[in-house]
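Take a look at the structure below. We will go through the nonpolar parts and then the charged pairs.

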Amino acid sequence: MSEPMVKAEQVHKSFGRLEVLKGVSLEVQPGEVVCMIGPSGSGKSTFLRCINHLERINAGRLWVDGKLVGYRQSGDKIYELRDAEVCRERAQIGMVFQRFNLFGHMTALENVIEAPIRVKKVTKRNAIAEARVLLERVGLADKVNVYPAQLSGGQQQRVAIARALAMTPKLMLFDEPTSALDPELVGEVLEVMKALAFDFQTTMIVVTHEMGFAREAADRVLMMDDGRIIEEGTPEHFFQAPREERTKQFLAAIL
Amino acid sequence: MAVSDTAEQVRPDEIKAIPVRHPGRWVAAGIVVVLGAALAKSIATNGNFQWGVIRQYFLTSQVLHAVLVTIELTVLAMAIGIVLGVLLAVMRLSPNPLVASASWLYIWFFRGTPVLVQILFWYNISALYPRFSVGIPFGPQFAHFSANTLIKTFVAGVLALGLNEGAYMAEIVRAGIISVEEGQTDAAQSLGMTRLMTMRRIVLPQAMRVIIPPTGNETISMLKTTSLVSAIALAPPELLGAVENVYDRTYQVIPLLLVASIWYLILTTVLTIGQYYLERYFGRGATRDLPETPLQRLRRNLFAFRHATVEASEAAAERR
């Protein structure tokens with residue numbers, strides 16, 4: 001069997017005295033789509049941010065594609081990685097945020113080509129050609145030269161997905177990608193994500209409350225509560241027979 | 001039914017209301033006009049203004065050269081101030097506590113003492129440090145300079161103004177940097193951009209929108225603050241120093257101070273216009289539509305006017 005794309009062992013994370021992650025363990029296989037659900041404050045977003053080292057973990061181990069995240073181990077000593085090394089790791093992990101976080105002073109195209117040119121050192125001409133393909137794939141071929149402020153939320157989020165894909169990541173992290181959207185704009189973003197899952201077999205970890213998306217696209221669903229994964233199973237399992245009382249309550253509240 | 005058949009509906013007449021009267025506004029306007037006229041009359045008829053003297057000195061080579069020196073002082077001092085300001089602001093936000101407090105200390109000192117004192121201080125620096133050396137601290141020195149040859153009055157002026165400005169610019173730049181959402185940094189880092197790259201490519205360009213207006217303010221303020229350098233008798237002098245030199249001989253104090261004032265006004269006006277266009281450039285992407293420049297507005301109005309007159313004449317021709 002191949003190495004897991006993401007492996008977490010007893011991951012702990014605290015902000016000051018508040019412990020947000022209380023021992024999260026998990027394996028995600030290449031090509032797998034995993035949805036994480038759970039009430040706000042349960043640590044889903046924090047866990048996602050730990051995976052590309054936007055947050056540093058306090059205890060436990062976290063590997064992406066067989067390599068420790070943010071650290072290097074030799075013998076029983078753990079060394080922190082330098083900024084440049086952390087950046088090299090992050091460049092291979094795409095992340096999509098709840099609030100899009102498009103660079104406001106750049107057009108859609110400039111947003112997409114920035115990292116390939118600066119980080120991957122792709123020539124500008126190639127970067128533009130690839131960006132046009134990606135923007136067309138997310139249905140925004142006509143919005144290439146438009147600034148984020150002139151786009152709807154759904155369009156902004158699709159540009160953000162194109163921007164992450166431009167780095168050809170081996171893993172995509174989605175942090176509540178549709179929570180900030182008007183209801184009628186949710187569909188267009190989910191369509192793009194489904195295409196990624198089905199047509200490109202992208203490994204994806206998605207924090208979401210869109211159970212419809214989970215049912216269609218997810219291989220596995222994880223329920224988080226109070227800094228732990230309390231239940232995991234197929235989407236069918238969650239729809240038909242959730243085991244934990246907390247899960248039943250949560251699903252009853254969001255469905 | 002709530003929604004009636006729209007085809008049946010006729011558009012109601014335009015509202016032609018009698019506007020509310022504002023007698024208070026008329027009274028206020030009247031007062032302003034009377035006071036303005038009185039001021040204009042006194043300026044025109046009071047011989048003590050000596051408009052002839054103002055005209056006589058306004059474009060002399062002495063004054064023109066002084067204008068140039070004032071501009072040089074402003075540009076150099078602001079350049080030092082801006083570079084230093086960015087550096088100090090980034091230092092201030094550094095995770096290294098020693099670096100951050102060094103920046104804090106600098107700002108505390110240079111913002112806490114009067115500029116005029118700082119100017120005099122730099123002018124007399126040779127009394128404190130007669131010699132400057134280039135080399136390794138506590139180690140070998142490679143070159144020595146006498147303070148009197150290295151720091152001439154002009155250099156003393158530029159240094160004093162620039163180093164002082166750096167402290168103010170640091171706070172302006174810092175405000176700009178923290179005005180940029182954290183999500184921007186998250187996004188840049190998640191794409192693998194380094195800290196420095198993120199600062200240079202993502203944070204600072206967006207901070208500019210917040211940094212530019214107060215920087216324009218600082219530049220205008222600096223232009224006028226350069227007049228303090230007249231205290232250390234620059235040669236050749238800047239604007240205020242130059243007119244002082246003249247009225248020390250001729251005793252025509254008021255008209256010569258007016259010469260300087262009018263020049264300061266002209267220069268600040270030019271700066272204000274420059275600031276408008278700079279703000280417009282860095283505002284791109286921040287607003288849905290950039291405001292029109294005055295030139296664009298003029299062109300549009302002219303076009304609309306021409307269009308209207310052409311249409312009117314065509315309509316008239318048709319009627320005939």
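**Cores and charged pairs**

Start inside. The largest nonpolar core has 49 residues, and Leu135(A), Ile161(A), Phe174(A), Met193(A) and Met204(A) touch the most other members. A nonpolar core is a set of buried Ala, Val, Leu, Ile, Met, Phe, Trp, Tyr and Cys residues joined through side-chain atoms within 4.5 Å. Buried means under 20% relative accessible area, exposed means over 50%, and partly exposed lies in between (1.4 Å probe, protein chains only). Helix 6 of chain A gives the most to this core, namely eight residues. Helices (H or I, at least four residues) and strands (E, at least two) are DSSP runs, numbered from the N terminus.

This is a predicted model: local features need pLDDT of at least 70, side-chain atom pairs count only at pLDDT 80 or more, and totals for chains, interfaces and linings use all residues. Residues are numbered from 1 along each chain as its sequence is written, chains are lettered from A and ligands numbered from 1 in the order in which they are written, and side-chain values use heavy atoms, with hydrogens and water left out.

Now find Phe174(A). Leaving aside residues up to four places away in sequence, Phe174(A) touches several residues, including Leu48(A), Val96(A), Ile161(A), Met193(A) and Met204(A). Contact here means heavy atoms within 4.5 Å. There is also a second, separate core of 39 residues, with Leu21(A), Cys50(A), Ile93(A) and Met167(A) among them. In soluble globular proteins, nonpolar side chains tend to be buried together.

Next come the charges. Side chains of opposite charge can pair when their charged atoms come close. How many salt bridges does the structure hold over all chains? There are 20. A salt bridge is a side-chain nitrogen of Lys or Arg within 4 Å of a carboxyl oxygen of Asp or Glu.

One of them joins Lys170(A) to Asp65(A), with the closest N and O atoms 3.0 Å apart. These partners sit 105 residues apart, in distant parts of the chain. Lys170(A) lies in the loop between helix 5 (153-165) and strand 9 (171-175) of chain A. Asp65(A) lies in the loop between strand 4 (59-64) and strand 5 (67-68). Lys170(A) is partly exposed at 27%, and Asp65(A) is partly exposed at 36%.

Arg158(A) pairs with Glu188(A) at 2.9 Å between the closest N and O atoms. This bridge links helix 5 to helix 6 (residues 183-199) of chain A. Arg158(A) counts as buried because its relative accessibility is 11%.

Finish in chain B. Arg92(B), Arg111(B), Glu171(B) and Arg174(B) form a network of salt bridges.
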